[in-house]
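User: I would like to learn how to read the packing of helices and chains in a model. Please start with a pair of helices.

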Amino acid sequence: MAFPQLTGQMIAFMLISLVVIGSAVAMLFTRRVIYMALMIGGVFIGVAGIYVLLNADFIGMAQVLIYAGAITILMLFAIMLTHHGHQEQTPVNGHTIFSVVAAGGLLGLLYWGFNTVDWAKWQSMSPKTDAPEWGTSSVKAVANSIYTQYTIPFELVSVILIVALVGAVILARKEEN
Amino acid sequence: MEPTIVRFLLLAAVLFSLGLFGVLWKRNIIILLVSIELMLNAVNINLIAFSRLGLVPNINGQVFALFAMVIAASEVAVGLAVLIALYRNRNTSDVKDMNLTKW
């Protein structure tokens, strides 16, 4: 059997997947809450790499700015405002077993679903292009789409964002008597 | 050997399952919110993979992923505000202590 030749894309994909899944597992199993917040930063950066690999440059940069920048820092603030030492490890009980069975069952179900698809036929049907369908600039394509076809959803999302942020300020404010 | 779409889908499935496991297993509310972010990221990977490698590749998947990101940011902001209000009133960040409406 000939060893399949690895392309640069495949090597990059494997390395990034390793970083993403490794960070996610480390985040779930480390004991200190502050390390968990740092590990989730690794997951977010890795997912941004996946987006760049899929020619979605703008979404990748937005991922770095919004997730790795803003959300990770917000999590760190929340951890520092509440107090945490060592998180006590929950002993193996019914709760843990239920969690493992539910998450593993979902993964098994999805894997079974992937195996039922005829991927060779998919490959023959899908347009195999080296360049993405939207040309070289994904920024231009996303902007064209948002400001023509999706103008109203875009405005609604802006309204949701401002309502949520104002609501967050009101919820977190100290109440005055 | 190219990274085909099923590899991206498998990566997203593993990430989603890890997030679900964290949501079910952990008891700290901050870690619960982080695990929900993992699941949202897995869904975004799917959207962008189909927008590039799907049968009808087009830009809509990226736009949807952008919208999902905005909703996720609002969700985290409100969730952390609720957490801080809870911590001020009851001095805890454990889901087991959020039992005011339990009877």
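Analyst: This is a predicted model, in which local features need pLDDT of at least 70, side-chain atom pairs count only at pLDDT 80 or more, and totals for chains, interfaces and linings use all residues. Residues are numbered from 1 along each chain as its sequence is written, chains are lettered from A and ligands numbered from 1 in the order in which they are written, and side-chain values use heavy atoms, with hydrogens and water left out.

Helices (H or I, at least four residues) are DSSP runs numbered from the N terminus. Axes are lines fitted to C-alpha atoms over the stretch in contact, and angles run from 0 to 180 degrees between N-to-C directions. Here H1(A) packs with helix H1 (residues 5-25) of chain B at about 5 degrees, the axes being 10 Å apart. H1(A) is therefore roughly parallel to H1(B) (angles under 35 degrees; over 145 is roughly antiparallel).

User: How do the residues of the contact of H1(A) with H1(B) divide?

Analyst: Contact means heavy atoms within 4.5 Å. Ala, Val, Leu, Ile, Met, Phe, Trp, Tyr, Cys and Pro count as nonpolar, Asp, Glu, Lys and Arg as charged, and the others, Gly among them, as polar. This contact has 15 nonpolar, two polar and one charged. Among its residues are A:Phe13 and A:Phe29 in H1(A), and B:Arg7 and B:Trp25 in H1(B).

User: At what angle do the axes of H1 and H2 of chain A cross?

Analyst: Helix H1 (residues 8-29) and helix H2 (residues 33-53) of chain A cross at roughly 155 degrees, their axes coming within 8 Å. H1(A) is therefore roughly antiparallel to H2(A). The residues of their contact include A:Phe13 of H1(A) and A:Gly46 of H2(A).

User: How many salt bridges are there between chain B and chain A?

Analyst: A salt bridge is a side-chain nitrogen of Lys or Arg within 4 Å of a carboxyl oxygen of Asp or Glu. Between chain B and chain A the count is zero, while 71 residues of chain B are in contact with 90 residues of chain A.

Terms used: Helices (H or I, at least four residues) and strands (E, at least two) are DSSP runs, numbered from the N terminus. Angles under 35 degrees count as roughly parallel, over 145 as roughly antiparallel, 65 to 115 as roughly perpendicular and the rest as oblique.
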